[in-house]
Amino acid sequence: MGPAHSYRVTVEWTGNRGDGTATYRSYGREHDITADGPSPIAGSADRTFRGDPARWNPEQLLLAAASQCHMLSYLHQAASNGVVVVAYRDEPVAVMTEDGAGGGRFTEIVLHPEVTISAGSDPELALVLHEPAGRACFIANSLNLPVQHRVRTVVAA
């Protein structure tokens, strides 16, 4: 085993409307996510679960983490293999399926990275590098579902 890394955040509920959780409808799902250093993230539940649509929900944050992790792993692979990435954009999609008993799980995460590489870079290698990037992604390796990649590679003019 390699070195272990520890991460800490604070999640503080801010949705007490005066009666706490007296009933399912009496409380807000709002909360703040903070860590030492970055700006706070305003969180809530998904609007389906009585959350505030103007705030990030846990499902969006999980999807963002999977996308960020793959991007960072990919950029490392590109730099290590002589592929010059000049732009990277991903519009990932996740599907969460409820189980009918009050729970559920993510059943699908599909990343859609559009990677723009320099004219002198190898487009085939740029495409192939998504595989080792996916294997190196700590977040994808921690999930109990596969993270799929539907990649588009663009060569800059």
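This is a predicted model: local features need pLDDT of at least 70, side-chain atom pairs count only at pLDDT 80 or more; totals for chains, interfaces and linings use all residues.

Biologist: Then what does helix α1 reach from its first C-alpha to its last?

Modeller: Helix α1 runs over residues 58–80, which makes 23 residues. At 1.5 Å a residue, 33 Å is expected. The model comes close to that, with a reach of 33 Å.

Biologist: Which residue caps the N-terminal end of α1?

Modeller: Look for a side-chain oxygen by the backbone nitrogen of Glu 59.

Biologist: Which cysteine is Cys 69 joined to by a disulfide?

Modeller: A pair of cysteine sulfurs has to be within 2.5 Å to count, and here S to S is 2.4 Å. One end, Cys 69, is among the buried residues of α1, along with Leu 63, Ala 66 and Tyr 74. Its partner is buried too, and the name you want is Cys 137.

Biologist: How many residues apart in sequence are the parts that this pair ties together?

Modeller: Cys 69 sits in helix α1, while Cys 137 is in the loop between α3 (130–136) and α4 (138–142). So the pair ties together parts whose separation in sequence is 68 residues.

Biologist: On to charges: which residue forms a salt bridge with Asp 32?

Modeller: Asp 32 is partly exposed, at 28% relative accessible area, and the closest N and O atoms of the pair are 3.6 Å apart. A salt bridge needs them within 4 Å, so this pair qualifies. Asp 32 is in strand β2 and its partner in the loop between β3 (41–43) and α1, so parts 23 residues apart in sequence are tied together. The partner is Arg 55.

Biologist: Which other residue is linked with Asp 32 and Arg 55 in a network of salt bridges?

Modeller: The structure holds six salt bridges. The network links Asp 32 and Arg 55 with Asp 52.

Biologist: Last one: are Arg 135 and Glu 131 buried or exposed?

Modeller: They form a salt bridge, with the closest N and O atoms 3.0 Å apart. Both are in helix α3, four residues apart, so about one helical turn separates them. The cut-off is over 50%; Arg 135 has 53% and Glu 131 has 55%, so the word is exposed.

Definitions and conventions:
Residues are numbered from 1 along each chain as its sequence is written. Side-chain values use heavy atoms; hydrogens and water are left out. Helices (H or I, at least four residues) and strands (E, at least two) are DSSP runs, numbered from the N terminus. The expected span of a helix is 1.5 Å times one less than its number of residues. Buried means under 20% relative accessible area, exposed over 50%, partly exposed in between (1.4 Å probe, protein chains only). A polar contact is a pair of N or O atoms within 3.5 Å; within protein, one must be able to donate a hydrogen and the other to accept it, and residues adjacent in sequence count only if both atoms are side-chain atoms. A salt bridge is a side-chain nitrogen of Lys or Arg within 4 Å of a carboxyl oxygen of Asp or Glu.
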